[in-house]
Amino acid sequence: MKRILRAVLFSVVAFYLFAFGGVFGALRLEPVATINTAFAFFFSSDLEGKTPRQKIEDALDIYPHFQVYSSKYLPDAPDAYREVSIPGLRERRSKPVVFVDESKRKPGYTVISAVLDSEPLMHGVLLLNERGEVVHIWPADQVFSVDASPQKMPHSVQVFKDGSIIVVNDWGKMLARITPCGEPIWTTQMGTRHSIELSEDGTLWTWNSTDAVSVDPESGEVLKSINLYDIHEKNQDIDVYGIWQVDPLDGSNWTGDPMHANDVEPLPKSLESAFPMFEPGDLLISMRSLNLLSVVDPDTLKVKWWRFGIGRRLHDPDWRPDGTIVFYDNNTNRGHSRLRSVNPSNYAVTDIVQGEDYEFYSARRGRHSVREDGSIVIVSAYQGRLLEICLLYT
């Protein structure tokens, strides 16, 4: 009799658990939604070729497989690089290094976002002095949304005069403005990735998945949204956004993320004379998977200019006062990255920094900045390296 009662009780409990699980799953309620997301990520995705075991070890903080890279293309740092001391850095990590050409370096600070892997912080934003020493850290861990992906990290940052920063959290689905102590001022949940650019009118431009969005820096409110597939439909006569790719060099398949937009930057009015073929506010867009730079009218969605193939998995194009566009060419799977420029009026391409000269290579990600004094800052994300090069680029 007891066995029968236990069997009946078990059946009733199982039925209700199944029923509630079905309702929670259908409505995407917690915790079923998070469990489903975690399951899909750990066992279904092939993100960066990680095994299920590596994904689990990363999520449980046993070892950060998604943030530590090894490759035949990652050469050792030359003697000219020096280590940066970060408080609490875990022993499992080699120290980050910087190369600073101090011969013509003017006083000033450099801000970079980083995966710190230190105690107590995994993620943060670093303020470096002219010697490459850390003088301040904005903690960024607390502004991440709950998400199954261990890939979430600060990718790009904007600094304001009050010491607050706005940070894009890659894969963390969160755009946030935080105080110098790391406390959130506001957070906006969106499918952010890569860049955050401050335009001349004081608004910000970033990506919400496949939407280029303008954001109010005071509130985080989205002011304007432009979808890449709408641009694609508006420009069927040139069809430059419709190429999907499988890469035979490493067997990677980009068709699951066929555009992968990673930067959007409006043309400042102050540079209007340098780019007579464009109008102030026209958007410079970079798409990694297409190896494509393009310029788009944000109102009509007309593609005014484009160029394929001058970089491989390129990132971070910037307008320059000399009428050129400088961009970060990852040159993926070819040994070294580089910094290049293109003149949109005649398509001339110039190499500015060759990676071989500095053992500089990052297969993915990467940012650069040309300072007012002409010096160049380059982040080699996969290597944990920062280069400050005084080429006096003009």
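**Exercise 1.** Start at K224, which is partly exposed with a relative accessible area of 31%. The model is a predicted one. Work out which residue K224 pairs with in a salt bridge, and where the two partners sit.

*Solution.* 
- Step 1: K224 forms a salt bridge with D299, and the closest N and O atoms are 3.9 Å apart. The cut-off is within 4 Å, so the pair counts.
- Step 2: D299 lies in the loop between β18 (292-296) and β19 (303-308), while K224 belongs to strand β13 (residues 222-227). The partners are 75 residues apart, so this pair links distant parts of the chain.
- Step 3: check the cover. D299 is exposed, with a relative accessible area of 64%, whereas K224 is partly exposed at 31%.

**Exercise 2.** Take D282 and K304: how far apart are their closest N and O atoms, and is D282 buried or exposed?

*Solution.* 
- Step 1: get the distance. D282 and K304 form a salt bridge with their closest N and O atoms 2.8 Å apart.
- Step 2: D282 is in the loop between β16 (261-266) and β17 (283-287), and K304 is in strand β19, 22 residues apart. This is a link between distant parts of the chain.
- Step 3: Buried means under 20% relative accessible area, so D282, at 2%, counts as buried.
- Step 4: K304 has a relative accessible area of 28% and is partly exposed.

**Exercise 3.** Find the partner of R338 in a salt bridge, then say how many salt bridges the model has.

*Solution.* 
- Step 1: R338 bridges to D329, with closest N and O atoms 2.6 Å apart.
- Step 2: R338 is buried with a relative accessible area of 19%, and D329 is buried with 0%.
- Step 3: look for shared partners elsewhere.

**Exercise 4.** Now go to strand β8 (residues 174-178): how many of its residues are buried, and which strands pair with β8?

*Solution.* 
- Step 1: β8 is mostly covered, with 5 of its 5 residues buried.
- Step 2: sort the side chains. M174, A176 and I178 point one way, L175 and R177 point the other way, and all are buried.
- Step 3: find one neighbour. Strand β7 (residues 165-170) pairs with β8 in the antiparallel sense over 5 bridges, and V168 has L175 as its bridge partner in β8.
- Step 4: find another. Strand β9 (residues 184-189) also pairs with β8 in the antiparallel sense, over 5 bridges, and A176 has T187 as its bridge partner in β9.
- Step 5: inspect the turn. The hairpin of β8 and β9 has 5 residues between the strands, and there G182 takes a positive phi near 95 degrees.

**Exercise 5.** In the open sheet that contains β25, what is the strand order, and which strands stand at the edges?

*Solution.* 
- Step 1: read off the order. The sheet has 5 strands, β1-β2-β26-β25-β24, with mixed pairing.
- Step 2: find the edges. β1 (82-83) and β24 (367-370) each have a single partner strand, so one side of each is left without a neighbour in the sheet.
- Step 3: zoom in on one pairing. Strand β25 (residues 376-380) and strand β26 (residues 385-389) run antiparallel, joined by 5 bridges. V377 stands opposite E388 in β26.

Technical notes:
Residues are numbered from 1 along each chain as its sequence is written. This is a predicted model: local features need pLDDT of at least 70, side-chain atom pairs count only at pLDDT 80 or more; totals for chains, interfaces and linings use all residues. Side-chain values use heavy atoms; hydrogens and water are left out. A salt bridge is a side-chain nitrogen of Lys or Arg within 4 Å of a carboxyl oxygen of Asp or Glu. Helices (H or I, at least four residues) and strands (E, at least two) are DSSP runs, numbered from the N terminus. Buried means under 20% relative accessible area, exposed over 50%, partly exposed in between (1.4 Å probe, protein chains only). Two strands pair if DSSP finds at least two bridges between them.
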